[in-house]
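Here's a quick walk through one model, from its sheet to its core and then to a couple of individual residues. Have the viewer open as you read.

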Amino acid sequence: APNAFSPNGDLQNDTWSVILEGVSSDNFHLVIYDRTGRLVWQTNDPLATWDGTFNGVPLETDFCFWKASLVNEVGMPWESSGLITIIR
């Protein structure tokens, strides 16, 4: 997953997503928290992208924490997490 993006409307790196292939929405969950621990976005769609907003309001330049979990094609659970820097 990329560790930064710039949702500033210039059509370059305006959204963020975890890059996965062959994952179904039945086995996927992604959450994003701001630096205070507030849940700002979540999805079960492995193809969904986040635009750097919370309830439609753009978040300021800062970092957020993400965590993805899934069950792979052979039934094994997998988790990954990291930081995302929002650059405005």
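The model has an open sheet of 5 strands in the order 1-7-6-2-3, with mixed pairing. Its edge strands are strand 1 (4-5) and strand 3 (39-43), each of which pairs on one side only. Strands here are DSSP runs of E with at least two residues, numbered from the N terminus, and two of them pair if DSSP finds at least two bridges between them.

Now look at strand 2 (residues 28-34) and strand 6 (residues 62-71): they run antiparallel and are joined by 7 bridges. Tyr33 stands opposite Phe65 in strand 6.

## Ground rules

This is a predicted model, where local features need pLDDT of at least 70 and side-chain atom pairs count only at pLDDT 80 or more, while totals for chains, interfaces and linings use all residues. Residues are numbered from 1 along each chain as its sequence is written, and side-chain values use heavy atoms, with hydrogens and water left out.

## The nonpolar core

In general, nonpolar side chains tend to be buried together in soluble globular proteins. Which residues have the most contacts inside the largest nonpolar core here? They are Trp16, Leu30, Ile32, Trp50, Trp66 and Ile84, in a core of 17 residues. Strand 2, strand 3, strand 6 and strand 7 (77-86) each give two or more residues to this core, and the largest share, 4 residues, comes from strand 6. A core in this sense is a set of buried Ala, Val, Leu, Ile, Met, Phe, Trp, Tyr and Cys residues joined through side-chain atoms within 4.5 Å; buried means under 20% relative accessible area, exposed over 50%, and partly exposed in between (1.4 Å probe, protein chains only).

Leaving aside neighbours within four places in sequence, Leu30 is in contact (heavy atoms within 4.5 Å) with Trp16, Val18, Trp41, Gln42, Thr43, Trp66, Lys67 and Ala68.

Arg88 is found in the segment after strand 7 and is partly exposed, with a relative accessible area of 38%. Not counting residues up to four places away in sequence, Arg88 touches Pro7, Asp51, Gly52, Pro58, Leu59, Glu60 and Thr61. A polar atom of the Arg88 side chain lies 2.6 Å from the backbone oxygen of Leu59.

Beyond four places in sequence, Ser6 is in contact with Gln12, Asn13, Asp14 and Ile87.

How values were computed:
Polar contact = N/O pair within 3.5 Å; in protein donor to acceptor, adjacent residues only side chain to side chain.
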